[in-house]
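Let's take a walk through a protein model together, one region at a time. Keep the viewer open and follow along as we go.

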Amino acid sequence: MQIADVLRNKGSAVATITPDATVRDLLAGLAEHNIGAMVVADGDRVHGIASERDVARQLHQCGAALLDRPVAEIMTALVATCAPGDQIDDLSELMTEKRVRHIPVLDDGRLAGIVSIGDVVKTRMEELHNEREQLHAYITGG
């Protein structure tokens with residue numbers, strides 16, 4: 001299954017935040033959308049990704065003053081990305097290798113969606129369920 005199939009099922013909407021927004025704004029956005037990370041972008045240009053993990057690590061070092069700092073100071077700038085034509089199994093390996101849970105999808109350099117580890121697990125579970133049903137139908141002749 002390709003990343004494009006996952007986006008077709010879940011949608012291509014991506015919660016983004018600008019690099020100059022505050023960490024307080026980031027936390028509000030994460031809570032509002034009930035998500036774990038936001039792509040840091042100006043329009044379609046991706047600058048990085050900022051996650052709950054990034055906030056927690058910096059909060060430990062900086063304290064409450066962190067809330068008024070720009071997201072650009074805490075974001076992960078070297079972002080692993082994928083393309084709509086990439087395979088979901090390859091993305092799963094990339095997430096494991098890079099130890100990340102969210103990967104922006106770029107189509108010709110433009111932000112086209114985001115895939116989370118939850119999306120990968122859900123997709124794999126659906127594939128396993130379908131395979132099981134097909135095997136059952138084959139075995140029972142129905």
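What follows is a short tour of helices, loops, salt bridges and the surface.

A word on the ground rules comes before the tour. This is a predicted model, in which local features need pLDDT of at least 70 and side-chain atom pairs count only at pLDDT 80 or more, while totals for chains, interfaces and linings use all residues. Residues are numbered from 1 along each chain as its sequence is written, and side-chain values use heavy atoms, with hydrogens and water left out.

Let's begin with helix α1, which spans residues 3-10. Helices (H or I, at least four residues) and strands (E, at least two) are DSSP runs, numbered from the N terminus. The buried residues of α1 are Ile-3, Val-6 and Leu-7. They cover an arc of only 95° around the axis, so they sit on the same side of α1; the arc is that of the directions from the helix axis to the C-beta atoms. Here, buried means under 20% relative accessible area, exposed means over 50%, and partly exposed lies in between (1.4 Å probe, protein chains only). Turn to the other side of α1 and you will find Arg-8 and Asn-9, which are exposed. The buried residues of α1 pack against α4 (88-98), β4, β5 and α5, where contact means heavy atoms within 4.5 Å. Just after α1, Gly-11 takes a positive phi of about 100°.

Next comes helix α2, residues 23-33, where Val-23 is found. Val-23 counts as buried because its relative accessibility is 0%. Which residues does Val-23 contact, leaving aside its neighbours within four places in sequence? They are Val-55, Leu-66, Leu-67, Arg-69, Pro-70, Val-71 and Ile-74. The C-alpha atoms of Val-23 and Met-75 are separated by 9.7 Å, with the two residues 52 apart along the chain.

Moving on from α2, look at Asn-34, in the loop between α2 and β2 (37-42). Asn-34 has a positive phi of about 55° although it is not a glycine, and it is exposed because its relative accessible area is 73%. Asp-108 also has a positive phi of about 55° without being a glycine. Asp-108 lies in the loop between β4 (102-107) and β5 (110-116), and with a relative accessible area of 77% it is exposed.

Strand β3 covers residues 45-51 and includes Ser-51. At 14% relative accessibility, Ser-51 counts as buried. Apart from neighbours within four places in sequence, Ser-51 is in contact with Gly-36 and Ala-37.

Now for the charged pairs. How many salt bridges does a search of the whole structure find? The search finds five, a salt bridge being a side-chain nitrogen of Lys or Arg within 4 Å of a carboxyl oxygen of Asp or Glu. One of them joins the side chains of Arg-24 and Asp-68 (3.1 Å, N to O). This pair links distant parts of the chain, with Arg-24 in helix α2 and Asp-68 in the loop between α3 (52-62) and α4, 44 residues apart. Arg-24 is partly exposed at 43% relative accessibility, whereas Asp-68 is exposed at 52%.

Another salt bridge brings together the side chains of Arg-69 and Glu-73 (3.1 Å, N to O). Arg-69 is partly exposed at 34%, and Glu-73 is partly exposed at 47%.

Arg-124 is partly exposed at 36%, but Glu-127 is buried at 17%.

Stay with helix α5 (residues 117-140), where Met-125 also has its place. Met-125 counts as exposed because its relative accessibility is 52%. Ile-117, Val-121, Met-125 and Leu-128 make a nonpolar surface patch of about 340 Å². Patches are made of residues with over 30% relative accessible area and no salt bridge, with like charges joined within 9 Å and nonpolar side chains (Val, Leu, Ile, Met, Phe, Trp, Tyr) within 5 Å.

Last, the cysteines. The structure holds zero disulfides, a disulfide being a pair of cysteine sulfur atoms within 2.5 Å. Cys-62 is partly exposed at 28% relative accessibility, while Cys-82 is buried at 6%.

Key
Accessible areas come from the Shrake-Rupley method with a 1.4 Å probe; for residues, only the protein chains shown count as cover.
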